[in-house]
Every structure is written in structure tokens, then in C-alpha cells.
Amino acid sequence: MQIFKEKALLTTYLKTIWDKNCAIGFIPTMGALHQGHLSLIKKSLDENNYNVVSIFVNPTQFNNSQDLEKYPRTLEIDIEKIRTICPDCIVFAPSVDDIYEGKTNSKSFNYDGIEHEMEGKHRPGHFDGVGTIVKKLFEIVKPTNAYFGEKDFQQLQIVKKLVAKNDLKVNIIGCPIFRESNGLAMSSRNERLSIKDRDEASIIYKTLLTAKEKFGTKSANEVNNWVKNSLEKNENITLEYFEIADETTLKTCIRKSKNKKYRAFIAVFIDNIRLIDNISLN
Ligand code: AMP
């Protein structure tokens, strides 16, 4: 396994690979790796000659300094997890200075309005930070294919827009959500949940499954009301938002249309830890 902590050393190494005209798979992560991340790496392994995993907690996409501070950092364990499934992987774990060169700021991006919905409303500046780091990493790695989880579905759509608008030469591949056995979507933030909280958090996916069933016969508004009322009963859980939205534009569904694909999105706090999830409704 090749491990690089500086972009200059990584690019010197990658030059020999770019020249070969091989497929390079890229999996950007913020570390604290779990089975969800590993499922992306496995998909990349199946589809590429070389695989680059980045581990970088990107400060510009955090709108809450405490969340950034408390984000788990487990580089050595992460490297061992990658090694077990991909001994030939190239790991890129740079410092903030190496990436931002003393200017830890976001660029501003226009994603045709997708950035103003859901996560965009509740995490100001988040998608500018995501665009900034993803573009920088694409420019460093120059991957053929890049793998993103549907767990962060809005982010996946944002990255697709970023690529289209900037004419970047990379295929964006969405990967299904990997879940704990109780249905909770795997997330690095789950590590901060107590065992009791993890157990209670299974209600998020159960709520999405019931919302999906109800959306078959009820309006989006009726489903919204049902979700709000049913989660209100749970004292330990605070609902930030629940939205049924068009899968492509991410605009709120007011009236159902047969030709459109919809997805339900949810964000909740459990014990001050923010968790998100989503489900396809079609
Ligand atoms: P993160 O380290 O949270 O920035 O995530 C890195 C990548 O892994 C992103 O593309 C996420 O969407 C993806 N990811 C995170 N959790 C999961 C999961 N439970 N299932 C599938 N992909 C995931």
C-alpha cells in the first residue's frame, strides 16, 4: 500500500499511472471508516486498475466548529481497514495546510439551486466547502471514476452538477446506503452515539420505510404531518427536517406527478449528534 501525506508526493507517484492510461478509481472520505466507506472502495476495486482513497476532514464544509472539533480522527485504524480489503490501494491523507496552503476558505459555487434545499438551508456554506474540496481533490488525483454514497444523496447530486458545470473529466458513481443490522445508516458520527442512542436511532429508517408505504396512497403533505407527529412522541429525538423531494431537482414535492422520481430526506438530532438519511419512494 502506498500512503501519501503530501499532494506533491502523490502527484509525482500518480504521474507514472496517468501515463499508462489506466482507470483510476477515487473514493474521497473524511475517515473514521466503516462498512459504508468500505463498500465504496470495494466497488471501485471491481471497476478500476488503480484505487485512491483520500482521508481528509475538510474544515470548510463544517458550519459548526464543535462538530469539526469532535469529528473522529482514526487514521492508523483507517489505513488497516483499507489494507484488509485493498492491499494495493493508494491512500492520500494530507494536512489542511497542504490542501489549502494557508487560505482555508471556500470558493462559491452555483449548482442551479440544488444547494439551497435541505442540507443547504440548514448548513450554510456546506456545499461551497464540499465543492471546494472535491474540485481540489479531482484536480490532484485526476480520477477516471469517483465513488460517492447515496447516504449523502444531496451531496451526490451536487458533485454531479459540479462535474457537469466545470466540464471535469470524471465519471461520478453513486453507491447504495450501507446500514447497521437495525437499519441505521452507517455514519462516522454514529461512533459518538451511546448504545442506547444507536438503538433509538433505528427509528429513523423505520420512519422512512413507513413514509414510503404511506406515500403510495397519501399526499406529500399528509406524509410530512405523519412523520412530524410520530417523531414528536420520542423525547430523545429532535426532527430538523423531513422532506419529500424530486430526486433530480431536490425541489419539495407539492403535488405528486406520475413521471417524477421522489425521495424522502430526513435530518434529526439525537443527543446533539446530527444524523441524516434518505429513501427512494419509487
Ligand atoms: P464521509 O467520510 O462521511 O465524508 O463519507 C465519504 C463517502 O462515503 C461519501 O460519499 C458518503 O456518502 C459515503 N458514505 C458514508 N456513509 C455511507 C453509508 N452508510 N453507505 C454508503 N456510503 C456512505
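Let's start at His 37: an N or O atom in its side chain sits 2.9 Å from an oxygen atom of the ligand. That is a polar contact, meaning a pair of N or O atoms within 3.5 Å. Please keep in mind that this is a predicted model, where local features need pLDDT of at least 70 and side-chain atom pairs count only at pLDDT 80 or more, while totals for chains, interfaces and linings use all residues. Residues are numbered from 1 along each chain as its sequence is written, and side-chain values use heavy atoms, with hydrogens and water left out.

Now the shell. There are 17 residues around the ligand, and Met 30, His 37, Asp 152, Phe 178 and Met 186 come nearest (near means a heavy atom within 4 Å). By class, that shell holds nine nonpolar, six polar and two charged residues. Helix α2 gives the most to it, three residues (helices are DSSP runs of H or I, at least four residues long).

Finally, the domains. An automatic or database assignment divides the protein into domain 1 (2-175) and domain 2 (188-276). Their centres, taken over C-alpha atoms, are 26 Å apart. In the interface, 22 residues of domain 1 are in contact with 19 of domain 2, contact being heavy atoms within 4.5 Å.

Conventions
A polar contact is a pair of N or O atoms within 3.5 Å; within protein, one must be able to donate a hydrogen and the other to accept it, and residues adjacent in sequence count only if both atoms are side-chain atoms. Helices (H or I, at least four residues) and strands (E, at least two) are DSSP runs, numbered from the N terminus. Ala, Val, Leu, Ile, Met, Phe, Trp, Tyr, Cys and Pro count as nonpolar, Asp, Glu, Lys and Arg as charged, and the others, Gly among them, as polar.
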